[in-house]
Amino acid sequence: MRIALLTDIHANREALEATLAHVARQQVGRIAVLGDIVGYGADPVACTEIVMDLAASGALVLQGNHDEAVARDDADMNADALAAMAWTRGVLGEAHRRFLAGLPLTAREGDLLLVHAGARNPGQWPYVMTPRDAELSFGATDARLIVCGHTHVPALFSLQPNRTCVAFTPVAGSPVPLAAHRRWHVVVGSVGQPRDGIAAAAYAVLDLGQGVLEPHRVPYDHPAAAAKIRAAGLPDRLASRLAHGR
Amino acid sequence: MRPPRIEKGLVLDGFTLVAPLKLGGMAQIWEVTREGDDLPMVMKIPLILDGDDPTMIVGFEMEQMILPRLSGPHVPRFVAAGDFAHQPHIVMERITGGSLYERMTGAPFAAAKVARIGLAVAHALCDLHRQDVLHLDVKPANVLFREDGTAVMVDFGLARHRRLPDLLAEEFRLPIGTAPYMAPEQVLRARDDPRSDVFALGCVLYEMTTGRQPFGDPRGSRRLRKRLWWDPWPPRALRPDCPDWLQEIILRCLAVDPAGRYPTMAQLAFDLAHPGQVRLTAAASRMRRDGRIERLRRWFRAAGAERPPPPALDGDTAAPIVLVAVDLAADYCAVADAVRAMTGRMLTLLPGARLACVNVLRLKRLGIDDTTDGEGRALHVARLIQLRAWAAPLGLPAEAISFHVLESTDPAEAIVTHARENHVDQVIMGARGQSGTRRYLGSVSAQVTAEAPCTVTVVRAAA
């Protein structure tokens, strides 16, 4: 079974469409969207509808903190994110809102756990950035494989025999074998707002049969996405960062 | 499931254990067979797996991860890996030509033999480095030979694949490696510098030359830290007949600072293949160790030394070997000028590059060639002088350039072979204008472009 792992789309339609076109060539049996479909970007309606269509044809879709914030006013967010969220609430329709609010926080399939932020208190949206973060996440579940997003920085952690974690930055185009007797924590990079210095959309394919993680980067028309953000009157920083992947 | 008892006749994942080849404390090596498989095979089975020594377990995982991703004649072919849930093992091709460890009992060796064996090992490590793998445990016991003398590296338990997670990176407080051959930065737990393998191979060259390990076999981390400042006796102090070029090569490999060593394994292989082209420095003729003050200075610097930052992933490509093929027939000097101009421009982008200037002396295809006698020798020397004159305007320092006159009936083949044998990264050569005959017969540059193992830049003079 090959699963395409997409996360942190953030209302970036250009990035999402380019990524799905790339996914279509990867012979995947399933698509999983790990949340944060909206927020920051200028196309929340289009992106939500694309993901609703994916869900209707069998994709697994989880809720992220921005998806949750559509229905909640007290979200713990920075000023740019709050401004974008206020705007997003205004453009989303009732059906979109119902879809986003109804998404689950986690999904478990065998020894695989999918979650937006981290396995420990997933509703409090922890960040998995460091080996220590990954250790806490491992400690909260018996799943052998944990896949999450939320940080917008691709990473891979593995639990060592002495219960500490080693960290690794996956490189697009270099598949990583995930030994079957080990526990692995995959942090998938962001489709719509990468923050690791690379402007291309990030996603990954997890081949459960072979035990291999295939990290991918997909170039997309980020000037067009940035222009839409500016046209919508959203904070300029949300537009300019797309060109630098920051 | 309980792990099975390892004994003769046991069938594990379809492989039958035939005879033990090595019963070490850490792992056993068994000769194994599988029905319908003609390849001679061995199975490596780790012994301690219950937590005493995590390096051992994780090292075995690393080997299971890295070996299947390696290919070519310089590694044993991977056959199968056993599941950790049952009985972990690795089955691989059996290499039958013996190890350098066994041969080392005959050391010290003559310089030519040191260079020949050293070059075979350098070729093997160069091939690994090009596959993004650092061995990090280069020692005589980990070098095996095929029957034709090709060196094969084994034991990837401490190796590092630069595009895969390094499971040995964070966990271990102690330096990992084999004490007599470990590079100074490995003592500081750095595991990402290809020049660590250059250092270890330097230790092996030293041992082959003198019969002694340059740093002995230190025990304990305090003694190991001496690697950061202590310099060994120059080989000539122990073996007065060690030629200056060999001492130069060995001491350059053993520089404490990686920046003082060969920048790449390919450049070390190049010097081992061309002893006459080794640039000699004061190190070549030294008979003593450094003075007390110099050593004290290094000791002070070493006292606060911490793990160095990882070198750039593309460090190898910043110090390439560039082969420029120069046609010195007088009619084509416009092309030769254009080739030099292009070479100069490329080298400004590659400050660590090493330039090999090559000219092919064309031999007649039939009959006894008169260039093999005194007249031929003179022609050879004349070409060498022409080649040096051609390169002079480039103004390169002596250590960055070498000159080679090849003799062959087939110039293109000679250039391609030289490029392959010397791990050349880039060929620059000229092409003459278009002509009907050339299209019909094919040109040298076209043949080199088609057959070379690397990038080829073909230069034409402006019409």
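This report describes two interfaces in a predicted model: the one between chain A and chain B, and the one between domain 1 and domain 2 of chain B.

**Chain A and chain B**

In this interface, 15 residues of chain A are in contact with 12 residues of chain B. About 1,300 Å² is buried between the two chains, and carbon and sulfur atoms give 64% of that area. On the side of chain A, F168(A), P177(A) and H181(A) lose the most area to chain B, together 35% of what that side buries. One salt bridge is counted between the chains; it joins the side chains of R182(A) and E61(B) at 2.4 Å, N to O. The elements of chain A that give two or more residues to this side are β7 (155-159), β8 (165-168) and β9 (176-177). By class, the side has 9 nonpolar, 5 polar and 1 charged residues.

**Domains 1 and 2 of chain B**

Chain B is assigned domain 1 (11-93), domain 2 (100-315) and domain 3 (320-459). The centres of domain 1 and domain 2 of chain B, taken over C-alpha atoms, are separated by 27 Å. Their contact takes 20 residues from domain 1 and 28 residues from domain 2. In domain 1, M62(B), I66(B) and H74(B) lose the most area to domain 2, together 32% of what that side buries. Among the contacts is a salt bridge between R146(B) and E93(B), with the closest N and O atoms 2.8 Å apart. Helix α1 (residues 54-66) of chain B supplies the largest share of the domain 1 side, 9 residues.

| Interface | Buried area | Carbon and sulfur share |
|---|---|---|
| Chain A and chain B | about 1,300 Å² | 64% |
| Domain 1 and domain 2 of chain B | about 1,900 Å² | 67% |

Key: Residues numbered from 1 in each chain as written. Chains lettered and ligands numbered in written order. Predicted model: local features only at pLDDT ≥ 70, side-chain atom pairs only at ≥ 80, totals over all residues. Heavy atoms only, no water. Contact = heavy atoms within 4.5 Å. Buried area = accessible area lost by both parts, 1.4 Å probe. Salt bridge = Lys/Arg side-chain N within 4 Å of Asp/Glu carboxyl O. Helix = DSSP H or I, 4+ residues; strand = E, 2+ residues; numbered from the N terminus. Nonpolar A, V, L, I, M, F, W, Y, C, P; charged D, E, K, R; others polar. Domains from an automatic or database assignment.
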